[in-house]
Amino acid sequence: MNTNINTRNSEKVFPSGEDLEGAAQNILIIGAGLCGSLLALRLGQRGYNVTVYEMRPDLRKTDISAGRSINLAFSDRGNKAMKLVGIEDKVKDLCIPMNGRMIHDKEGNTFLSNYSGRDYEYINSISRGDLNALLLDEAEKHENVTIHFNKKCKSVDFENTTALFQDYHTKNEFIEDADCIIATDGAGSALRKSYYLGKKFLFSFSQDYLTHGYKELSILPTENGGYKTYKNALHIWPRGDFMVIALPNLDGSFTVTLFLSYDEGEYNFNNLTTPEIVTEFFQKEFPDALELMPNLIEDFFENPTAPLGTVKCSPWHYKGNTLLMGDSAHAIVPFYGQGMNASFEDVVEFDKVLNQNLDNWEATFETYEKNRKKDTDAIADLAIDNFHEMKDHVGQAIFQEKRKIEMMLEKEFPEDYSSKYSLVTFNEDIGYREAMLKGRAQDKAILNMLADGIISISDDPKDILDKVKTETEAILEDDRVAKFGPS
């Protein structure tokens, strides 16, 4: 194997003032997925020399979905990033609005649970590939941005700010040098692995898997290209310990995902081994979905079963040399629809720090992590919570009563009340941690008062709002006292 070294500017040049912004600074980005391509676009706009290396082929030229989630939930935090780079309208063309969750019970009955009592708040289904392709196209419009595909990062020398790559076709290895390296290479990050194996500094890392995995399936369009079920919703078949969800695509199809335990319960991924057992499972648990999925068996045995995990680590950076961003720093499970949105918001928050024109890359990276980590830890925890909520609680009467009250409060008092879901998904100007703390307190307040008969959906809305606010504040105060002690 040949190893070549590409050296650029060996002297470190730091983020400078506005008139010299980005001058002579070479930034190497590892990974051209959603976060990496957005980051390349934004840094290109700011005038940096950006080189991106991606291990996979160019998705604009070949289909590389291979059972990965091909559509995602896109919402306000992600859109904030699209506004930042000026492509909001182009992204909107790729979106299908989803106003709420369409819940399917075992008898085939459905009811729509809106995401918000405010009509203008909804999430969108968007194609991962189409959005990634758009971001790559926009990034490559800048002469100072270069993107290379089929180049796998094997390791990062974070002390010397170099990265070792291997060409997928030739197998040749080469080293890239830069002023700083930012890794947006996902949950299996080569930079994070180098931090961990390097043992040059105290690096904390956790990777926690759910007992459940997931498998991608599909509902194909009708013969004339229409939708076989209601288009503008995220469909959920909650079954206690497992569930199926479906998101619409622009071509009339739905991407369906089965979330199921690997080895627990009557049916699990380990024992769904024959077409007969799979069909029996769907007939018993998801009969109305099965009617829409004549291709179920083909999808089930062709597509892989993948794990679901949460990654947390610290620090994200080493001096001013290297930085983890997106899933490489904080991979989360998909149950709040915020994985992509959180990674996009990373770029927005990083951009804010660049605007501060700090003295050097180390100060920039340090400030970014200090600002951001508390929020990415919070959304990771919220995503786990929502996993249990979606597969089980959405089908429970008290939970449905809570949602009715929340929808009513949001509709009647749009300026005074937002549910936890709305705080996280539609209130992009507050951090995930603040949304989590307030949202959890509100949930606890409403559920407690429903259980104790203190409020009901038939009460005066203003009276309910006052009681919820008072009880929420009391819970938040109790939490503050428990954490810090009496003031």
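Predicted model: local features only at pLDDT ≥ 70, side-chain atom pairs only at ≥ 80, totals over all residues.

Trainee: What percentage of the residues of the protein chain count as buried?

Mentor: Of the 487 residues, 53% count as buried. As for the surface, the protein chain exposes about 21,300 Å², and carbon and sulfur atoms supply 49% of that area.

Trainee: Which residues touch the most other members of the largest nonpolar core?

Mentor: They are Leu43, Phe344 and Phe350, in a core of 67 residues. Phe350 shows how such a residue is placed: beyond four places in sequence, Phe350 touches Leu39, Leu43, Ile182, Leu323, Met325, Trp361, Thr364, Phe365 and Tyr368. Apart from this core lies another, of 34 residues, including Leu247, Ile332, Val333 and Ala435.

Trainee: Is Gln338 buried or exposed?

Mentor: To decide, one reads the relative accessibility, and under 20% counts as buried. Gln338 has 1%, and therefore counts as buried. Gln338 is found in the loop between helix H9 (327–330) and helix H10 (339–354). Neighbours within four places aside, its contacts are Ser75, Arg77, Ile332, Ile379, Val424, Thr425 and Tyr432.

Trainee: Where does Leu210 lie, and which residues does Leu210 touch?

Mentor: Leu210 belongs to strand E14 (residues 204–219). With a relative accessible area of 16%, Leu210 is buried. Residues up to four places away not counted, Leu210 touches Leu308, Val333, Phe335, Ile384 and Phe387. Sequence separation and distance in space should be read side by side. Leu210 and Arg192 are 18 residues apart in sequence, and their C-alpha atoms are 21 Å apart.

Trainee: How many residues apart in sequence are Pro275 and Leu296, and what is their C-alpha to C-alpha distance?

Mentor: Pro275 and Leu296 are 21 residues apart in sequence and 9.1 Å apart in space, C-alpha to C-alpha. Pro275 is in helix H6 (residues 275–285), and a relative accessible area of 36% makes Pro275 partly exposed. Leaving aside neighbours within four places in sequence, Pro275 is in contact with Ile297 and Phe301.

Trainee: Which residues make the nonpolar surface patch of about 310 Å²?

Mentor: The patch is made by Tyr196, Leu197 and Phe205. Tyr196 is found in helix H5 (residues 190–198). At 47% relative accessibility, Tyr196 counts as partly exposed.

Trainee: Finally, where is the place of Thr162?

Mentor: Thr162 is in strand E11 (residues 162–167). Its relative accessible area is 17%, so Thr162 is buried. Setting aside neighbours within four places in sequence, Thr162 is in contact with Val156, Asp157, Ile175, Glu176, Asp177 and Ile181.

Definitions and conventions:
Residues numbered from 1 in each chain as written. Heavy atoms only, no water. Patch = residues over 30% accessible without salt bridge, like charges linked within 9 Å, V, L, I, M, F, W, Y side chains within 5 Å. Areas by Shrake-Rupley, 256 points an atom, 1.4 Å probe, with all protein chains shown as cover. Salt bridge = Lys/Arg side-chain N within 4 Å of Asp/Glu carboxyl O. Helix = DSSP H or I, 4+ residues; strand = E, 2+ residues; numbered from the N terminus. Buried < 20%, exposed > 50% of the residue type's maximum accessible area, 1.4 Å probe, protein only. Core = buried A, V, L, I, M, F, W, Y, C linked by side-chain atoms within 4.5 Å. Contact = heavy atoms within 4.5 Å.
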